[in-house]
Amino acid sequence: MPPSAPIKSRISGAFAESPFAKSGIPDRLGLGGFQSMAARYSIFSLIRNALAYHEDWPAAWRSPEPKPAYDVVIVGGGGHGLATAYYLAKELGVRNVAVIERGWLGGGNTGRNTTIVRSNYLWDESAALYEHAMKLWEGLSQDLNYNVMFSQRGVLSLAHSQHDLRAQSRQSNANRLGGIDSELLTPAQIKALVPVMDLRAGGRYPVLGGALQRRGGSARHDAVAWGYARGADALGVDIIQECPVTGFRIDNGRVQGVETAKGFIQAGKVGIAVAGHTSVMANLAGFRLPIISKPLQALVSEPVKPVLDTVIMSGAVHAYISQSDKGELVIGAGTDRYVGYGQRGSLPVSEDTLGAICELFPSFRRLRMMRLWGGIVDICPDASPIIGKTPVEGMYINCGWGTGGFKSTPGSGWVFAQTIAHDRPHDLNAPFSLDRFHTGYLIDEHGAAGVAH
Ligand SMILES: Cc1cc2nc3c(=O)[nH]c(=O)nc-3n(C[C@H](O)[C@H](O)[C@H](O)COP(=O)(O)OP(=O)(O)OC[C@H]3O[C@@H](n4cnc5c(N)ncnc54)[C@H](O)[C@@H]3O)c2cc1C
């Protein structure tokens, strides 16, 4: 849920400034000597710090002043920007990198989303990209030595009509052919999996079946941002918070650096990962993108005992719901029908969603909602992202993830890092270049993406 105050670098537990970091113990994580085993989070560091009343945890990442120049500047300290910096440093040895964030880490959509992770998209290009992300999710807590609470509790998409059933069957078959797990469930199987749901044929939203991806689930969104920040910082990346980028210096079609609230920062290359504000950045750089930005809403209930251990999505009624580890029901609604930058969204959208949730889960009618918020999502005409080069040499964009980019965070950062380092897209993101809006090779994921996640 959106944090209420800027996250400073003192998140519980860390290693960056730890005396153990200099202990010379072998770097078993392959993090280039920045992270020693003794400085890792572990049961032993927990016990040691518990004995010190948890007062001696060092900062999870530094808060340096920006240097005059970097090889790469990443604009946007959300999950995608931080993951990009981490993989640039870890996999490609590019460590003279800064992430410039106008607010606080994860304060954009990364900290506002409903945390659903799955990889069952329709087209081969998307499925390959999201499945790459899924494989990274499966080892992410170990890779980062940070518990991102990835929970593969299954994601079930409901079919409310014969048309939904046929579309799900097509998508499920496509997934299985591509090696991605997918099962079509009957109403009886769904009732056994989610006893609290009302499937009655006479109800307003009868459930005729559903598609289940058992490897799908959820993760703790802030932990993803913090884990990548900590990992990137340990590899030498500078993370600069509360520093908006206000412009770009471009000479002869090539980017020279970024103008920021803390002055000009020279950059060999600039990667932009600012989600709903991408068209604003493109405007500053002098090119246009086929993107619209809209608020997308979510809300949480008061916490209750465990009642729902699967993520339920309904694209048809624009509602999706899961239960967090704290017991709150996390509910996702739709986007506003018009373009906007207000991070709250309009009330009729959440009212519609709650109406649908109450029909599907009658016992939830008695719950009180605790918080409602919005995030600005960036939507492409084909509901697929853009990850690649821009008309400005040395400038790259990663955007257009719309309502569903949290699940792709590790994969998106990984391919974006490759693209920036090699100045050309990786095979996995080559189909997602800006060029497709000229060539017409669109990747229409409206069915699989839509507002559902
Ligand atoms: C309510 C809601 C529910 C969602 N649910 C899901 C879900 O269940 N599953 C899923 O897969 N996806 C979901 N999404 C989508 C997902 O959250 C996003 O696609 C994803 O988090 C985008 O990550 P990001 O790092 O690109 O963007 P962000 O996390 O938004 O990061 C971009 C950062 O750029 C910064 N920035 C902007 N302008 C500037 C500037 N001028 N200078 C410097 N920094 C700047 C912002 O402050 C921000 O921190 C949801 C989104 C919302 C809003």
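**Terms and their grounds**

Mentor: We begin with the whole fold: in this predicted model, the protein chain contains eleven helices and 18 strands.

Trainee: What makes the protein chain as compact as a globular protein of that length?

Mentor: The globule rule gives 22 Å for 453 residues, and the radius of gyration is 22 Å, close to that value, so the chain is as compact as a globular protein of that length. Along its principal axes, the C-alpha trace spans about 65 × 60 × 40 Å. Of the 453 residues, 53% count as buried.

Trainee: Why is G106 called buried?

Mentor: The threshold for a buried residue is 20 or more other C-beta atoms within 10 Å. G106 has 25 such atoms, and therefore G106 is buried. This residue is found in the loop between β2 (97-100) and β3 (116-117). G106 and S126 are 20 residues apart in sequence, and their C-alpha atoms are 24 Å apart in space.

Trainee: What is the phi of H54?

Mentor: H54 has a positive phi of about 55° although it is not a glycine. Most residues other than glycine have a negative phi. A383 also has a positive phi of about 55°, and A383 is not a glycine either.

Trainee: Is A383 buried or exposed?

Mentor: The cut-off for burial is 20 or more; A383 has 23 C-beta neighbours inside 10 Å and therefore counts as buried. A383 is found in the loop between β16 (369-379) and β17 (386-389).

Trainee: Which residues of the largest nonpolar core touch the most other members?

Mentor: They are V73 and V75, in a core of 120 residues. Helix α7 (residues 221-234) provides the largest share of this core, eight residues.

Trainee: How do you know that this core lies between domain 1 and domain 3?

Mentor: Domain 1 (1-11 + 68-116 + 218-291 + 380-445) and domain 3 (117-217 + 292-375) both give residues to the core, so the core lies between them. Leaving aside neighbours within four places in sequence, V75 is in contact with I100, V245, V258, V270, I272, A273, V274 and M281.

Trainee: How many residues of domain 1 are in contact with domain 3?

Mentor: There are 35 residues of domain 1 in contact with 39 residues of domain 3. On the side of domain 1 that touches domain 3, α7 gives the most, with seven residues. By class, that side has 14 nonpolar, 16 polar and five charged residues. The C-alpha centres of domain 1 and domain 3 lie 26 Å apart.

Trainee: Which residues are the closest to the ligand?

Mentor: Among the 39 residues that surround the ligand, the closest are G76, G78, G108, G375 and G405. By class, the shell has 13 nonpolar, 22 polar and four charged residues.

Trainee: Which domains supply at least three residues each to the shell around the ligand?

Mentor: Domain 1 and domain 3 each do so. Among the elements, α2 (79-92), β12 (292-301) and β16 each supply at least two residues of the shell.

Terms used: Residues numbered from 1 in each chain as written. Predicted model: local features only at pLDDT ≥ 70, side-chain atom pairs only at ≥ 80, totals over all residues. Near = placed C-beta within 6 Å. Helix = DSSP H or I, 4+ residues; strand = E, 2+ residues; numbered from the N terminus. Nonpolar A, V, L, I, M, F, W, Y, C, P; charged D, E, K, R; others polar. Domains from an automatic or database assignment. Buried ≥ 20, exposed ≤ 12 C-beta atoms within 10 Å, placed from the backbone. Core = buried A, V, L, I, M, F, W, Y, C linked by C-beta atoms within 7 Å. Contact = placed C-beta atoms within 7 Å. Rg over C-alpha atoms; globule rule 2.2 N^0.38 Å.
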